[in-house]
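Please keep the sequence and the structure in view while reading.

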Amino acid sequence: MSGLNLLCTYTSDSEDDEVNNDSHKFNEVSKRLPLPGCIASWKGVPHHEEVDDDPLQHEGRTRSFKHERGNWATLAYINYEPSDTMISWMFSILEEIPVKSNIFSEQFHISVTRTLILKFHWIESFVEEVKKLCEQTHQFNLELLNIRAYTNEDTTRTFLGIECFESKGILNNFVNNLNNILAEYELPPFYEDSSYHVSFLWCLGNEVANLNNHLYNLTTKLNQFLADHEEERNINVTTIHLKIGNKLYAFKLS
């Protein structure tokens, strides 16, 4: 693992068994059926597997970029594990939203990069550089502030997020240095309006204008909740997570 503190890979033993079984079956068939000479003379060409991203399989969501061999979806982020009390508050907000919405079922997080496309041959050096940057960055606290509405880059989904603030400038400095690393790989920097936030609710389409009319009341409810639950106000950030394809890394801050 080259000391990269790899947490896990999402490849199951059953998948390996399936590959091995298929290979065994193929070997049996190849023994029975001789390969025609005309086929044996063919030369291979580059091939990309086509993956059918059916929005009906993902509650109407669409993929921002297509699957392509050699391209690895990459994201650096801060993990956030809300308490049961906070999750209950999030669900209570659904009653205040005028459009059909969903609470996130996946992991809550605060992004510090866009979703990037990393080439396979860049992975090892990229991981090492991010690890080194984390080792040079101090731990810090994020304060939950208010509610904002966001869209993804192609405006196919809208999100409600809790905006976070870091008072010492450590996070901004980290993201600026991370942007410098991204530039070396000709990857886009984090958004110029780097509003760090925990997305907790989403809906299809661009509903920002609609949701903006409700942000004041939602922020008031958040502040009331945080006043009653001070322990929920801050996030202690000790680790930066990096997800590349099906691999997850976690790097401790100093």
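In which loop is Glu 186 found? In this predicted model, Glu 186 is found in the loop between H5 and S8.

Glu 186 has a phi near 55 degrees, a positive value in a residue other than glycine. Most residues other than glycine have a negative phi. With a relative accessible area of 74%, Glu 186 is exposed.

Pro 188 also lies in the loop between H5 and S8, and at 38% relative accessibility it counts as partly exposed. When residues up to four places away in sequence are not counted, Pro 188 touches Arg 114, Leu 116 and Leu 182. Of these contacts, Arg 114 is 74 residues apart from Pro 188 in sequence, while the C-alpha atoms of the two are 7.7 Å apart in space.

## Packing of H4 and H5

Helix H4, residues 123–135, and helix H5, residues 170–184, have axes that come within 11 Å and cross at roughly 160 degrees. Because angles over 145 degrees count as roughly antiparallel, H4 is roughly antiparallel to H5. The crossing in which H4 passes H5 is right-handed.

On the side of H4, the contact is made by Phe 126, Glu 129, Val 130, Leu 133 and Cys 134, and H5 contributes Phe 174, Asn 177, Leu 178, Ile 181, Leu 182 and Glu 184.

## The buried face of H3

Helix H3, residues 84–93, has Met 86, Trp 89, Met 90 and Ile 93 as its buried residues. Seen down the axis of H3, these buried residues fall within an arc of 100 degrees, so they line one face of the helix.

The partners against which the buried residues of H3 pack are strand S3 (102–103), strand S6 (140–151), strand S7 (157–165), strand S8 (197–204) and helix H7 (215–228).

## The loop between S6 and S7

Thr 155 is found in the loop between S6 and S7, and its phi is near 55 degrees, a positive value in a residue other than glycine. Thr 155 counts as partly exposed, at 38% relative accessibility.

## The protein as a whole

The protein has 7 helices and 11 strands, and 36% of its 254 residues count as buried. Among the contacts with a separation of 6 or more, residues 24 or more positions apart account for 80%.

Technical notes:
Residues numbered from 1 in each chain as written. Predicted model: local features only at pLDDT ≥ 70, side-chain atom pairs only at ≥ 80, totals over all residues. Heavy atoms only, no water. Axes fitted to C-alpha atoms, helices over the stretch in contact; angles between N-to-C directions. Helix = DSSP H or I, 4+ residues; strand = E, 2+ residues; numbered from the N terminus. Parallel < 35°, antiparallel > 145°, perpendicular 65-115°, else oblique. Left-handed = near helix turned anticlockwise from the far one by under 90°. Contact = heavy atoms within 4.5 Å. Buried < 20%, exposed > 50% of the residue type's maximum accessible area, 1.4 Å probe, protein only. Arc of directions from axis to C-beta.
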